[in-house]
Amino acid sequence: MSDHFEPVIVGFLCNWCSYRAADLAGTARIKYAPNLRPIRVMCSGRVDPQFVLQALRSGADGVLIAGCHPGECHYVNGNIKALRRFTLLRKTLEQWGIEQERVQLLWASASEGTVLAAAVNRMTEDLRALGPLRWGEKVLGDNGAAHLVVEEV
Amino acid sequence: MTHTVTSRPPTLFDNVIAETPGKALNLHACLQCGTCAGSCPSGPDMDHSPRAIFAMLDAGMDDEVLNSNTPWFCVSCYYCMVRCPQEIPITDIMYTLKRLAIKEGYYQEDKAPEFSETFCDFVEHNGRSFELGIAMRYHLRYHPLGAFKMAAGMGLHLFRKGRMDLTPSRIKNVSQLKSILNKAKELGGAA
Amino acid sequence: MTENGKPKLAMYWASSCGGCEISVLNIHENILTVDEVFDIAFFPCIADFKIKDVEAYPDGYIDICLFNGAIRNSENEEMAQLLRQKSKVLVAFGSCAYEGCIPALSNLTTKKATFEKVYFNNPTIDNPDRILPQHSTEVAEGELTLPHFYHTVKSLDQVVEVDYFIPGCPPEPPQIWAVLQVVIGALTAGQPLPPAGSIIGAGTMALCDECTREKKEKTIKRFFRPYEIQPNPDQCLLEQGIICMGIATRSGCGALCPSVGIGCRGCYGPPDGVEDQGAKMLSAIASVLDVGHESMDEDVLEELIQEAVDTIADPAGTFYRFSMAHSILKRVKNGKGAA
Amino acid sequence: MTDQKKSPAEQEKVGVYICHCGSNIAGTINVEEVAQWAEKNPNVVVARNYEFMCSSTGQELIENDIKEKGLTRIVVASCSPHMHEKTFREATERGGLNPFLFEMANIREHGSWATNDKEAATSKAKALVNGAVERVVHHAPLEKIPVDINPNTLIVGGGIAGITAALELAEGGHHVYLVEREGTIGGRMAQIDKTFPTLDCSACILTPKMVDVGQNDNITLLTYSEVESVEGYIGNFNITVRKKARCVTEELCTSCGICEEKCPQKVIDENYGAGISYRKAIYRSFPQAVPGYPVLDKENCTYFQTGKCKVCEQVCPTEAIDYEQEDKVITFDVGNIILATGYDLFDARQIPQYGYGRLANVFSSLEFERMVNASGPTAGHIVLRDGVTEPESIAIVHCVGSRDQNHNEYCSKVCCMYSLKFAHLVHEHLPDAEVYNFYIDMRTPGKGYEEFYHRLLNEGTHFIRGRVAEITDADRHPGEEGKLIVQAENTLLGIQQRTPVDMVILSAGIEARHDAEDVSKLFKMGCDHDGFFNERHPKLAPVSTMTDGVFIAGACQGPKDIPDTVAQGGAAASQVAKLISQGTVLMEPVRASIREEECSGCRICNTLCPYNAIEFDEEKFVSRVITALCQGCGTCVAACPSGVIDGAHFTYTQVMAELKGVLWDVQSDVLTKQEVA
Amino acid sequence: MKYSYYPGCSLEKNARSYHVSTMAIAKSLGIEFVEVEDWNCCGATEYISIEKVPAYALVTRNLALAAEQNGSTNLVAPCSACYLNLKKADHYLGENVDLRQKIDLALEAGGLSYQPGSLNVQHLLEIIAVDIGYEEIEAQVKRPLFNLRVAPYYGCLVPRPAAMGSFDDPEHPTSLDNILKRLGATVIDFPLKAQCCGGHMTQISEETALELLRRLLKNAADYKADMIATLCPMCQLNLDAYQDAVNAHFGTDYKIPIVYFTQLMGLAFGLPADELGFGSEIVSARPALEKITLEEPKPARTRERGKKKTDLPLPTRPEEG
């Protein structure tokens with residue numbers, strides 16, 4: 001791998017607003033960072049914190065959860081539950097030493113292609129500044145030297 | 001706003017945009033509605049309306065644009081800028097056109113550049129201006145008759161009222177100002 | 001060691017507190033049956049064995065080895081490897097061996113910080129020369145070594161293959177006895193063993209199933225620490241704002257803690273079908289936080305929710321108290337996180 | 001232990017199809033490379049790339065491969081699933097597989113169209129394809145769920161769009177609840193004098209339809225009412241409407257109008273009268289109002305404000321006045337909803353340089369519309385604000401608030417035409433008056449519209465191409481004294497012109513209703529950034545919304561003239577009629593279900609469902625999902641701490657597989673033992 | 001309240017009365033002005049016409065000095081042109097990275113630096129109307145300006161451009177109207193209140209400039225204004241010093257005194273006229289000031305809505321609504 005670092009972002013996009021915002025961004029030919037790998041969920045309320053942790057564990061440098069604006073949820077208030085979980089998850093991730101920029105929650109309505117594109121661009125820049133996360137190799141040492149890692153004290 | 005990057009050499013249109021701070025890119029979106037020209041207090045004295053200038057820029061009529069008196073008649077009232085439906089920073093573009101006209105050696109004789117240049121010259125040496133002194137020097141240099149008229153008319157009035165200075169004030173740290181301005185000139189090029 | 005035809009039993013503690021051994025002894029008079037059925041091949045807690053003795057056994061000599069304790073250092077791992085090699089059936093016994101348990105909470109910090117705390121910044125320590133244990137020390141008599149202290153605490157199955165898991169901190173004696181009966185049955189009467197890899201000595205679903213407190217719809221405005229309120233003796237503790245991990249914890253203990261008014265700590269690990277106990281717990285209780293409404297201003301909403309969330313003092317330590325080594329992320333990022 | 005058995009997932013035979021979409025995808029993504037790469041996945045039996053997968057040949061590729069190669073799972077990488085998921089599910093089904101054994105990777109909208117970087121787009125496409133492949137092997141066959149459609153319909157808004165839709169449905173034999181905020185139906189069209197370009201009398205064509213609405217037994221007309229809550233889903237909405245107290249007993253009122261005549265309190269009629277005329281405190285907006293009962297405006301009623309008066313009560317011959325009347329809350333069930341809530345006019349006071357509100361003789365277009373109307377305050381005479389002086393010159397200013405980044409960027413579509421109509425009406429009423437139309441571009445697309453423009457050219461209207469800069473009463477020269485001076489550049493001449501006139505009409509644009517956002521939230525649908533309701537598809541589904549069973553018609557969706565509005569009202573009605581005649585709709589089987597035997601009965605999920613689709617069985621101490629009510633959001637699935645709620649088609653395993661799939665290139669090479677196991 | 005104060009070249013001499021009256025009312029209102037030490041000319045509208053980078057460097061030196069001297073993070077300029085130049089430089093430097101880098105280097109050559117956004121640039125009118133507020137102004141009034149008809153004249157550069165966040169409406173500002181009303185004056189609804197005085201056009205095309213001045217004087221005279229209140233030295237100079245020239249050129253006979261609004265405030269606050277710089281205006285304000293009476297005039301009839309039976313209702317204006 002070259003020195004140039006391109007962050008990988010997993011995006012959980014709700015079917016009704018954010019996924020369509022990304023569709024719209026494409027249809028409007030808005031160019032934005034190709035670093036987002038979107039996964040469609042019916043509602044941001046479907047996002048199980050295990051998905052977020054697993055994404056980080058599996059090599060993502062950041063996770064973007066995107067849903068409808070409060071009050072606009074296709075399922076009334078799934079996004080509010082997403083916000084509650086996100087808030088608690090963020091607090092927990094902080095204890096894990098995971099920077100806030102790595103897991104973000106975004107409200108983007110179906111008409112906000114530009115908002116979504118801008119958020120992806122911004123997040124890509126944030127992550128580029130933070131550097132790679134690569135949990136498996138860098139934190140757990142999955143690349144072999146794993147458990148023998150002896151940190152100098 | 002998406003802006004297509006091309007490899008062709010920059011036109012005057014491109015330069016105007018590049019040299020103007022703010023949302024100058026909006027110039028591409030000019031609707032030719034004429035709100036600027038309709039709003040302009042000195043519009044009737046311009047040889048092309050601001051709207052026409054933008055159409056001419058787009059048409060590549062560079063000579064005509066830079067020769068035009070339009071930017072020099074801009075009074076900086078900013079009406080065009082706040083009314084423009086496409087949010088084009090028209091007043092700032094007028095300033096840019098003036099700078100480009102000077103840089104390219106255009107502009108008509110006995111028009112504003114001399115006044116502006118006299119003014120700048122003065123500020124660079126003293127750090128402060130005193131408009132009446134400058135006006136006098138400008139007239140003496142370019143329009144001796146005007147200078148006489150001025151001195152005899154309002155100049156005298158003002159002098160009597162103690163509002164006209166013959167000795168300019170000077171800031172303390174002129175050398176600092178000079179080094180700043182010299183560096184700025186070096187960085188800025190003419191425009 | 002003589003051959004008497006009895007199956008060979010071993011029990012070893014790695015990084016653990018010793019409670020698991022006590023728990024085994026807590027099966028009371030049944031321990032006599034154990035002695036009757038098994039030959040003790042290795043059990044440092046109750047009899048004097050040397051590693052040399054174990055090394056001398058042929059591979060697979062031990063019929064069943066109850067391994068408790070997490071893998072904290074290189075010695076723990078070496079012993080795990082050795083016992084795996086010498087045992088037919090290796091059981092991760094208790095929460096430490098199964099999923100890291102309390103020792104693995106140190107995965108929420110770094111080795112460096114742990115050493116700082118243990119050897120320097122501790123009211124009971126006087127260490128002006130800042131001496132730290134070294135892996136290798138030269139003395140006149142030769143080289144002395146200590147095991148390597150690992151950066152990350154692991155569960156047993158993260159270093160060797162494990163046949164069965166018995167959860168609990170410690171496993172409840174009746175469950176231990178039940179498991180031993182199955183093993184005895186298999187060894188003596190040829191009865192079938194559960195499939196390899198199973199979690200045994202516990203239920204499959206969440207603890208609420210065996211908790212007798214009355215459960216209603218859950219709408220929680222904020223959380224309380226145990227000292228802050230006097231819980232209603234009959235109502236579900238979680239509904240009262242006391243963090244009870246029961247909803248995300250495997251049954252099997254008989255809901256001991258909730259029955260005496262203490263929220264479940266989660267020592268039996270996640271129920272079947274849940275990978276990350278902490279994340280599920282987090283998700284569930286955040287979902288039922290009854291603050292904020294979709295009609296509110298986004299800023300107000302965020303603030304209200306943050307306020308409610310902040311009534312949970314140490315979410316990582318609370319939700320992952322026992323399952324840190326088995327969690328998806330397993331430890332904190334190097335050099336960061338909670339000290 | 002690890003390799004003893006192959007997971008069922010690995011035994012699936014997946015076919016992968018990468019679409020070129022002409023050059024839309026293939027121009028940016030190396031489709032061949034992606035297909036070759038995909039074929040290396042152990043589950044993939046065949047991976048192809050093809051020019052247009054959505055074409056019939058493209059779909060046949062899938063069908064044939066299923067039959068010939070025994071495929072068990074299908075992945076198509078092309079556009080958004082919102083575009084063609086249905087198409088490919090059907091192809092999968094025709095091939096003999098359950099349609100849900102299909103997954104789509106969106107490499108166009110989210111891929112090739114979103115970047116110019118070919119390398120990055122290709123690698124993103126691989127990730128998305130891999131995610132889909134890893135996911136699809138875990139898919140399970142599903143069946144769609146039939147839902148009955150309640151044949152009643154709610155229509156919100158009694159303007160021409162709502163009226164049209166209501167009549168279409170009612171005349172087809174379906175029951176309609178028509179809810180209108182004002183005291184009468186009719187809407188904007190009732191305010192207008194003549195319609196362009198035919199110059200029909202607006203009231204003459206509208207009022208018969210209003211009467212039809214009032215008389216149709218299939219229409220429950222709820223005026224002076226507002227929808228308060230909407231619950232449920234397509235086929236089964238539960239509606240609550242607040243019928244505000246009009247202080248008139250409808251059963252007794254004969255619509256004789258005496259109360260209105262005798263009421264001593266005169267109020268500026270800001271609504272129907274556009275602020276240019278007066279009404280009484282008890283009033284009907286206009287004599288042909290439907291229903292004919294008046295409304296008592298408590299805020300302006302002398303009795304309600306001072307406790308004295310009661311003139312209306314005294315004069316009413318049928319004792320229909322009831323000061324004690326209270327709001328009524330009505331609930332009913334419908335299967336479908338049509339929103340036809342109309343528009344607001346741009347408030348010209350936001351452009352101070354046009355002087356509206358400061359210069360008396362600057363009028364808004366709606367003010368002029370009322371003035372020139374025979375039933376308006378001047379009985380159709382065009383006069384200045386003093387009510388008597390006829391103007392000798394009139395300027396009509398186009399694009400007020402429209403085509404302007406400072407206000408509304410969009411073109412309001414109708415202003416050019418109604419400005420031409422105004423010019424014509426001035427010529428008709430005041431043949432000697434000079435009329436100046438100031439415009440940026442003349443927009444007259446429509447049947448007979450350009451011809452109408454030509455007619456106005458012939459009538460001698462002055463057309464000045466230039467957006468008006470300012471309107472002032474500050475005269476500079478004798479010719480300007482006492483006049484309003486309209487200053488603009490005549491852009492065709494390139495000169496600044498000051499045109500002195502007596503009267504100015506500001507052709508204000510169309511805006512979304514000020515409360516459109518609240519309404520959109522109430523009905524759980526979205527607004528675009530201008531505040532208009534979002535249609536499902538700008539071309540192909542103009543009256544549908546993202547919410548099944550909720551339709552939109554008329555100017556609430558965007559600026560529109562009457563013919564377009566009527567067409568949309570009819571279109572929305574036919575959409576609803578289609579659903580009613582179907583009787584049932586098949587809903588996506590994306591539904592939650594609880595594995596009861598594993599449920600611990602913790603009751604975490606019980607409060608989470610916005611549709612109350614989760615019930616608790618007090619006997620068995622387990623929770624249960626009522627499938628008919630579940631809408632499939634998955635919130636309970638994510639929340640269940642025991643992981644015993646399955647979200648069909650978005651299961652834990654499926655999403656996790658997709659997640660790991662899209663991250664194929666960044667996962668650490670050596671997995672820990674736990675994960676191998 | 002404490003503010004950094006940037007007087008600008010005009011206030012040193014030509015607009016001395018503006019400076020003097022500003023300082024006088026500051027005392028009454030409890031405002032402390034700390035003059036930026038060794039400030040230089042802002043470049044007016046001239047410098048930017050010649051060279052861009054030096055023009056911004058020239059202005060930014062003042063911002064750097066003001067930020068460094070730390071009188072206050074609020075920087076006040078009474079001159080409209082100075083105000084706009086300072087505000088614009090701060091705004092564009094924050095927005096345009098390229099320009100910012102160049103200015104950073106230029107300032108560095110003089111041992112200075114400036115972080116865009118660290119100062120809040122305000123015009124004198126803004127701090128009086130917004131920070132002090134109308135209530136406080138009214139409270140200070142000891143000698144109301146009853147019967148004095150004043151045309152409030154804002155000119156261009158305070159209300160516009162609005163893109164940087166103007167405190168008043170760019171087309172129809174009202175803050176000065178409100179201040180003058182609180183002083184007891186009769187404020188005319190001056191249609192040309194935000195129109196241009198011609199700026200430097202007097203030096204470039206006198207014909208153009210005189211026409212612009214004529215429009216203003218005519219409109220004020222049409223509305224029977226006793227005087228025009230300004231807030232900009234350039235406006236004051238043009239309208240005052242060129243009034244003779246206008247009369248000569250157009251054959252008119254305007255004698256409308258042009259005063260600074262701060263002078264009127266001082267007068268109403270009961271300060272002596274000579275301490276407020278009165279007398280330095282060329283068209284004397286004395287005859288107008290003599291019209292001030294002790295009694296409040298009968299309230300002017302509010303706008304004539306529905307006065308006659310035939311009248312159609314007039315829509316309300318935002319400030320009335």
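Student: In which loop of chain B is the place of B:I171?

Tutor: This is a predicted model, in which local features need pLDDT of at least 70, side-chain atom pairs count only at pLDDT 80 or more, and totals for chains, interfaces and linings use all residues. Residues are numbered from 1 along each chain as its sequence is written, while chains are lettered from A and ligands numbered from 1 in the order in which they are written. Helices (H or I, at least four residues) and strands (E, at least two) are DSSP runs, numbered from the N terminus. B:I171 lies in the loop between α9 (144-160) and α10 (174-188) of chain B.

Student: Why does B:I171 count as partly exposed?

Tutor: A residue is buried if 20 or more other C-beta atoms, placed from the backbone, lie within 10 Å of its own, exposed if 12 or fewer, and partly exposed in between. B:I171 is therefore partly exposed, for its number of C-beta neighbours inside 10 Å is 17.

Student: Which helix gives the most to the side of domain 2 of chain D that touches domain 3 of chain D?

Tutor: Contact (C-beta atoms, placed from the backbone, within 7 Å) links 15 residues of domain 2 of chain D with twelve residues of domain 3 of chain D. With six residues, the helix that gives the most to that side of domain 2 is α8 (residues 202-215) of chain D.

Conventions:
Contact = placed C-beta atoms within 7 Å.
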